[in-house]
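I opened this model to look up its ligand, its pockets and its cavities. My notes follow the order in which I looked.

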Amino acid sequence: MDVRFYARLMNTTSRNATSSTAGPAAGTAVNPLLDAYALPRLTLPNRVVMAPMTRLRADRRAVPRPVMAEYYAQRAGAGLIVSEGIAPSPTGQQYLNQPGLFTEEQVEAWRRVTDAVHAAGGRIFAQIMHAGRNGHPANRQDGGVPLAPSAVRAPGPLHTLDGKVDSVVPRAMTTAEVRQAVTDHADAARAAIRAGFDGVEVHGANSYLPHQFLADNTNLRTDRYGGDTAGRIRFAVEVTEAVADAVGAERMGLRIAPGNPQFGMVERDPAPVYRELLAAVDPLGLAYLHVTDDPAYPALDDLRPRWSGTLVGNTGEHEETTPESAARLVADGRTDLVSVGRPYISNPDAVERIAAGIPWARIREKNFHYISGPRGYVDYPPAATAG
Ligand SMILES: Cc1cc2nc3c(=O)[nH]c(=O)nc-3n(C[C@H](O)[C@H](O)[C@H](O)COP(=O)(O)O)c2cc1C
C-alpha cells in the first residue's frame with residue numbers, strides 16, 4: 001500500500017453531503033474507504049461493501065448450512081455485507097444448493113447467519129436473485145422448466161450437481177406469472193427482514209430476471225412488459241416498488257449492470273433504458289443503487305448525476321478490485337461506497353488489511369468457489385494469523 005497515494009486523497013469530500021461523517025484529521029493520510037457513512041437506517045463504519053457472491057453452500061432444500069454463518073461472520077468488518085444471490089421462489093432458483101427465502105426452514109437458518117454477523121459487529125443485506133432463463137429443470141426441486149420474459153435460451157452449459165449440462169429453452173411467462181414474480185420478490189424481502197437481515201438488495205444485474213426484461217435479446221414481449229423502453233423497465237420498476245412497499249425503501253438497494261454481456265445478454269444502447277429506469281425509481285428513496293461499470297458503457301459516470309441517493313460502485317468482473325482502485329473510486333467522487341467481490345473470498349479481513357497497510361491475499365484455488373463444505377470458503381485466515 002502506498003501511503004503517499006492516500007496522502008493525496010486527504011482533502012476528498014463526499015458528494016453526498018448529508019451522509020459523510022467523520023472526515024480525515026488535518027495532517028494525517030487517511031484512506032477514504034475508512035470513513036464512516038450513514039445510510040438512512042444504518043451507519044456503516046467504512047465505505048467497503050462485500051459484494052454479493054454465489055458460493056453454493058446451502059443444502060438441496062436451499063436451506064443455509066451452519067458453515068455459512070461462520071463465513072459471513074468472518075467478514076463482519078465490511079461496512080456492509082450483501083449476501084450471495086438468494087432465490088425468492090422455487091421458480092427463481094438457479095442451482096439446487098443455492099439458498100432460498102421461500103420456506104420457514106430457510107428463514108430460521110438465515111436467522112442463525114444474521115445473528116452471527118450481528119454478534120461479530122457487522123451488517124448484512126440479503127440479495128434477492130431470480131434466475132429466470134438461467135435456471136434448469138435439473139436445478140429445480142420441482143424439475144420445472146425455467147420461466148423468462150421470452151423463450152430465448154441462455155448460452156450453455158449450466159452447472160448442476162451432476163456436472164455441466166446444456167441450457168434449455170425457457171417458457172415465456174404469462175402476464176400473470178410476471179405479476180407473481182413481482183410478488184415473490186416482495187414476499188422474499190419480507191422473509192429476509194423476518195430472518196434478521198438489515199435490508200435487501202434486488203438483483204437487477206448480471207443477466208438475472210429484471211435484467212432479462214431490460215435487455216434487447218431476452219425480452220421479445222408484446223404485452224406491457226416489453227416493447228419500448230417504458231415496457232422494458234416496467235418489471236424492474238414494479239419489483240422495486242413492491243419491495244419498497246414490503247420492507248421500506250430505506251431498507252432496500254437495487255443492483256444494475258448496464259451493458260454487461262454476461263450469459264449472453266445484449267443491450268445495444270443501454271443509456272436511455274437505464275436513465276429512464278433511474279428516473280422512475282430515484283424518487284422512491286432507496287438505501288442505495290449498486291452499479292457495476294462496464295467498458296462498453298461507463299454506467300457509473302453516466303448515472304451518477306442522475307441518482308440523488310447513495311451510490312455503490314463496482315468495477316465489474318473484467319477488472320478485479322484492488323485496494324487502490326477502490327479508494328480511487330471514492331476519492332474521485334465517482335461513488336459513495338465500493339463493493340468488493342473476489343478479494344473477499346481470500347480476505348475475510350479485507351478492511352482491517354487496508355487499515356493496517358497489509359496487501360490483500362490472493363485466491364489459492366478457484367475450483368473451490370462453488371463446492372460444498374469449508375474448503376476454499378472459511379479456511380482463509382485473517383492477516384494476524386496468516387501463516
Ligand atoms: C464467485 C462469484 C460469485 C458471484 N455471485 C454473484 C451474485 O450472486 N450476485 C451478484 O450480484 N454478483 C455476483 N458476482 C459478481 C460480484 O458481485 C462482483 O460484481 C464481481 O466479482 C466484480 O467485483 P470484484 O472485481 O471485486 O470481484 C459474483 C462474482 C464471483 C467471483
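**Second largest pocket**

I began with the lining of the second largest pocket, which by class has five nonpolar, four polar and three charged residues. For the classes I counted Ala, Val, Leu, Ile, Met, Phe, Trp, Tyr, Cys and Pro as nonpolar, Asp, Glu, Lys and Arg as charged, and the others, Gly among them, as polar. The lining is made up of E320, T321, T322, P323, P343, S346, N347, W360, A361, R362, I363 and K366. I noted a volume of about 230 Å³ for the second largest pocket.

**Ground rules**

The model is predicted, so local features need pLDDT of at least 70 and side-chain atom pairs count only at pLDDT 80 or more, while totals for chains, interfaces and linings use all residues. Residues are numbered from 1 along each chain as its sequence is written, and side-chain values use heavy atoms, with hydrogens and water left out.

Pockets and cavities come from a 1 Å grid over the protein atoms alone: a cavity is a set of points where a 1.4 Å probe fits but cannot get out, a pocket is an open set with protein on both sides within 12 Å along at least five of seven lines, and lining residues have an atom within 4 Å of a point. Grid points are joined across faces, edges and corners, and a volume is the space filled by probe spheres set on the points. Helices (H or I, at least four residues) and strands (E, at least two) are DSSP runs, numbered from the N terminus.

**Largest pocket**

I then turned to the largest pocket, with a volume of about 890 Å³. I found 45 residues lining it, of which P52, N206, Q262, E317 and Y370 lie nearest its centre. Strand 7 (158-160) and helix 10 (343-346) each supply at least two residues of this lining. By class, the lining has 17 nonpolar, 18 polar and ten charged residues.

**Ligand**

Where does the ligand sit? I found it in the largest pocket, where sitting requires more than half of its atoms to lie within 2 Å of the grid points. The ligand is surrounded by 22 residues, and the closest are T54, R255, T321, G341 and R342; a residue is near if one of its heavy atoms lies within 4 Å. This shell has seven nonpolar, ten polar and five charged residues.

I looked up polar contacts next (pairs of N or O atoms within 3.5 Å). A polar side-chain atom of R342 lies 2.7 Å from an oxygen atom of the ligand. For the side chain of H203, an N or O atom is 3.0 Å from a ligand oxygen. For the side chain of N206, the distance from an N or O atom to a ligand nitrogen is 3.4 Å. Taken alone the ligand exposes 610 Å², and the protein buries 95% of that, by the Shrake-Rupley method with a 1.4 Å probe.

**Cavities**

How many cavities of 30 Å³ or more does the structure hold? I noted two. The second largest cavity has about 30 Å³ of space and is lined by P64, R65, P66, A69, A109, R112 and V113. Helix 2 (66-74) and helix 3 (104-119) give two or more residues to this lining, and helix 3 gives the most, with three.

**Backbone**

A cis peptide bond joins G156 and P157, with omega about -10 degrees. P157 is in the loop between strand 6 (147-148) and strand 7. A62 has a positive phi, near 65 degrees, and is placed in the loop between strand 3 (48-50) and helix 2.

Note on methods. A polar contact is a pair of N or O atoms within 3.5 Å; within protein, one must be able to donate a hydrogen and the other to accept it, and residues adjacent in sequence count only if both atoms are side-chain atoms.
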